[in-house]
Amino acid sequence: MSLAEPAALPVTTSAPPRLHILKRFTTGFKTSLPAYLLLLPSLIFLALFTYGAMGRVLVDALYQRATPKAPVRFVGLDNINAVLADPAFTGAVVNNLIYAVGTAIPSITLALLFALALSRTNAVTSVLRAALFLPVLIPMVAASALFLFIFLPNVGLLDYYIGRLLPVLPNWLGDSDIALYAIMIITIWKNAGYYMLFFLAGLQAVPEDVMEAAHLDGAGPFQRLRYIILPELKPTFLFVTVIATLNAVTQVDHVFVLTQGGPSNATNLVLFYIYQQAVEHYDIGKASAATLLTLAALMGLTALSFRTMANREGGA
Amino acid sequence: MRPFDALFKDAPLATRGEITPKLGFALTVLLAIVWLIPFLWMGVATLRPASDGINTMAELMPSLKPTLDNIRDAWEIGDFPRYTLNTTIICTGILLVQFVTITLAGFAFARLAFAGKTLIFYLFLMQLMLVPVLLIVPNLSLVAQLGLYDTLAGVMMPFFASAFGTFLMRQAFEAIPTELEDAALIDGASLFQRIRHIYVPLSMPSFSAFAIISVTSHWNDFLWPLMVINSPDKRPLTVGLSVFTKTAEGTQAWGTIAAGTLMVIAPLLITFLIFQKRFISSFVTSGIK
């Protein structure tokens, strides 16, 4: 399936094209007009909030106001340099990298385990799938409200049941060495069930007869996993990794509700930094520069997504 | 591993005796229980009377004297009816406009030939790559310039066009046999009549899949409404819940927080439990959204 069929240009077939470029163009435009009208509503909103927004980030990153009321002046790369020199930003980038790796790997591993265990469909597996999927549905803010109590020192759920086993009760969200990991637990809990769905779909593609042949040849469960299932799931892995990475950048609502980036910036993530610059410091220049850097960093991932989507036959 | 034998009846004969898959299954059951604990606590804490004291708050055994006081408190303190109304308006407004934009654009991509099709296709694709939440800063200033700061319309607007929905509809429309449209064409149906009476009715499963994804994601949206909305009476559920949690945390009213959370997620959970299959298949298609 090709992504787009070339437009039909009925008049140009008999005439030498070079003499009639203008005519060909206008005829092409005329036959295309209905399609353009249908696309117009979408394109207007895309132009305003996607491409326009991109352009504004680029421009805003190059300008600066001395005070919120002062006129803007061109500062070139000063904003970008200021952001790169800001320890809060570099700290947020490092935190975000730890957060991305520390949430993607466990949640994808768990998702694979869940999918392998629940790949057959019956009443029991359906209930278990639903249980594991529930956190996906609820708002991150609601999950945060629940985990606020779970992580509560001394009387909270975690300390009440598990904390007694530890000599010293940790302050899950209040200790700067632990808080980021506490935040990561929420993300893993919330996303593993989502990624499980993709592995369940991917497992459908593993041919039953190949599996059958493999264990007739004496392959154990781990050998079948290593040599048949995992190779078959490669596109799924790639795809889920892309989503997990995007989520690590964009899904940060729990930071807002639980820690506000604290204690001492230990849970500050890039998107929260951008929000702080824009809303708390009214520094649109720095916020835009940070946005620009994040977008640029995601470009590599974008290329990867394109490849992933090509693997899925151009469909979404 | 006897207890699981019944579940492995349909596994290939040679693998039925293997121990590893059963251990994996047991681990999954254990984790599924752990996964449910926050929900279990939410339910138990909602019904626990404040008189039980703070030290039993974490107890997962339900209280012997269940009460609805927490729900009443949350309902009164939190202004949840207003938040629910706002969220409903936002989700419905976005969805209705999206239905129009994605149907028209999806049809153009599925059935019409036009100059620059590939280019425009990639322009749409770009929206999938540039996750909207990253563009909050420029979009906030645009919304403010349009005079839509602190309005529900401002919250909705960036989502009116949906590349994901457009591609979903394109796929659905391409699957519809052209003979049907040709027949309507002979009967003199206009372009809009053909879309309205042939393409739309035959694509209902795709519309409902899209509706599920769109509503769940905007029901759960937090950061964007937090930035756009200023007045308390325009807050959606998520922003309302975060403010409510902050207030109730100060007074250690954990039962009330649990009740408030329950109210926020109950509509989605109930809908999910009814239409479970449909939700799951929709979420599988939502990978790129």
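**View 1. B:Phe173 sits in helix 7 (residues 163-174) of chain B.** This is a predicted model, as are the other views here. B:Phe173 counts as buried because 23 other C-beta atoms lie within 10 Å, and the cut-off for that label is 20 or more. Skip the neighbours within four places in sequence, and B:Phe173 is in contact with B:Gly106, B:Phe107, B:Ala110, B:Arg111, B:Tyr199 and B:Ser203. Take B:Tyr199 from that list: 26 residues separate it from B:Phe173 along the chain, yet their C-alpha atoms are 6.3 Å apart.

**View 2. Helix 5 (residues 136-145) of chain B and what follows it.** Which residues of this helix are buried? They include B:Ile136, B:Val137, B:Pro138 and B:Asn139, and B:Leu140 and B:Val143 belong with them. Just past the end of helix 5, B:Gly147 has a positive phi of about 75°.

**View 3. A:Tyr282, in the loop between helix 12 (270-280) and helix 13 of chain A.** Here's another residue other than glycine with a positive phi, this one near 50°. Is A:Tyr282 buried or exposed? It is exposed, because 12 other C-beta atoms lie within 10 Å and the label applies at 12 or fewer.

**View 4. A:Met196 and the largest nonpolar core.** This core holds 167 residues, and A:Met196 is one of those with the most contacts inside it, along with A:Ala111 and A:Tyr195. Helix 7 (residues 179-203) of chain A supplies the largest share of the core, 15 residues. Zoom in on A:Met196 and, leaving out neighbours within four places in sequence, you'll find it in contact with A:Ala111, A:Phe114, A:Ala115 and A:Leu132.

**View 5. Where chain A meets chain B.** On one side there are 87 residues of chain A, in contact with 86 residues of chain B. Helix 1 (residues 21-60) of chain A brings the largest share of the chain A side, 21 residues. By type, that side splits into 66 nonpolar, 15 polar and six charged residues.

View 6. Chain A has 13 helices and two strands, and 42% of its 316 residues count as buried. Look at contacts between residues at least 6 apart in sequence: 66% of them join residues at least 24 apart. Where is confidence highest and where lowest in chain A? It is highest in helix 3 (residues 87-117), at a mean of 95, and lowest in helix 13 (residues 284-311), at 78. Residues 1-13 of chain A are another matter, with pLDDT under 50 throughout. The model gives that stretch 23 contacts beyond four places in sequence.

Notes: Residues numbered from 1 in each chain as written. Chains lettered and ligands numbered in written order. Predicted model: local features only at pLDDT ≥ 70, side-chain atom pairs only at ≥ 80, totals over all residues. Core = buried A, V, L, I, M, F, W, Y, C linked by C-beta atoms within 7 Å. Helix = DSSP H or I, 4+ residues; strand = E, 2+ residues; numbered from the N terminus. Contact = placed C-beta atoms within 7 Å. Nonpolar A, V, L, I, M, F, W, Y, C, P; charged D, E, K, R; others polar. pLDDT = per-residue confidence, 0-100.
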